Amino acid sequence: MMNNLKLLVKISVCSLILILFGSCSSSDENDSTSNEDLFLKINISGTTFNSEGLYATGFGGQDNCSNTGDLFLQYVGEVENSALYVEVSLAHFENLDDYANAQKNNILTTRITDTNSIWTFSTDGIDSDFCNLNNDLSIVYEDKKTNTYLNLKPNSQTTHKITKVDFVSEDSQSKFYIIEGNFTCTFINKNTDVPVSGNYRIKIEVLK
């Protein structure tokens, strides 16, 4: 049932992405950062894929349960071929009063999750793991040959480090930042390890 739910999520994301591209985040005409400067580079089992980053695409309005701040799940990039589909996103505080709070917005404490937790529901409602999201990287990995979603290998080492955060511009409604980071993790496909690593450069909008 969870796989069906995740598949439905993927379909929903794909169908909404064009709408969200224009509606979830305002553009900043004075910012010289173009989409060509944004990227996701990801290595999967020894093969490197490059994805041009998309700005102003994602989902917002969900609460961070522990810090009571609104979160935005920023799309980082995706890879798809006949064998696999991998989507990477980053959760960050949506509003400036939370984002500017150093106690809440701690970029030194980051994780990797194997679900897009905004869309992962349990029988009791929103997945409790969502309460801990902030600066966490969401990697959703589908094995298209078997139509199954892979999970992170239990007890395996994962790393996600935000290496750079630069303020780039602002307008009357928002501030804009460039975030760079890198990550490593291992998924499990039946009994086979699937090592995944990479780095990214994305642009986020934080509302005033």
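Tyr99, Phe167 and Tyr177 form one aromatic cluster. The structure is a predicted model, and a search of the whole of it finds four aromatic pairs.

**The Tyr99–Tyr177 pair**

- The ring centres of Tyr99 and Tyr177 are 4.9 Å apart and the planes stand at 45°, so the pair is tilted; planes under 30 degrees apart would count as stacked and those over 60 as edge-to-face.
- Tyr99 belongs to helix α2 (residues 96–99) and Tyr177 to strand β12 (residues 174–189), so this contact ties together parts that are 78 residues apart in sequence.
- Tyr99 and Tyr177 are both buried.

**The Phe167–Tyr177 pair**

- Tyr177 also forms an aromatic pair with Phe167, and this one is edge-to-face, at 5.7 Å centre to centre with 65° between the planes.
- Phe167 lies in strand β11 (residues 159–170) and Tyr177 in strand β12, so the pair ties together parts that are 10 residues apart in sequence.

- Lys175 places its charged end over the ring of Phe167, 5.6 Å from the ring centre.

**Burial of strand β5**

- Strand β5 (residues 84–93) is mostly covered, with 10 of its 10 residues buried.
- In a regular strand the side chains alternate between the two faces of the sheet.
- In β5, Leu84, Val86, Val88, Leu90 and His92 point one way.
- Tyr85, Glu87, Ser89, Ala91 and Phe93 point the other way, and the residues of both sets are all buried.

**Strand partners of β5**

- Strand β4 (residues 69–80) runs antiparallel to β5 and is joined to it by nine bridges.
- The two strands β4 and β5 form a hairpin, with three residues between them.
- Leu71 has Phe93 in β5 as its bridge partner.
- Strand β9 (residues 137–143) is also antiparallel to β5, and seven bridges join the two.
- Val140 in β9 stands opposite Glu87, a residue of β5 that is buried.

How values were computed
Residues numbered from 1 in each chain as written. Predicted model: local features only at pLDDT ≥ 70, side-chain atom pairs only at ≥ 80, totals over all residues. Heavy atoms only, no water. Phe/Tyr/Trp six-rings, centres within 6.5 Å; stacked < 30°, edge-to-face > 60°. Helix = DSSP H or I, 4+ residues; strand = E, 2+ residues; numbered from the N terminus. Buried < 20%, exposed > 50% of the residue type's maximum accessible area, 1.4 Å probe, protein only. Lys NZ or Arg CZ within 6 Å of the ring centre and 35° of its normal. Pairing = 2+ DSSP bridges.
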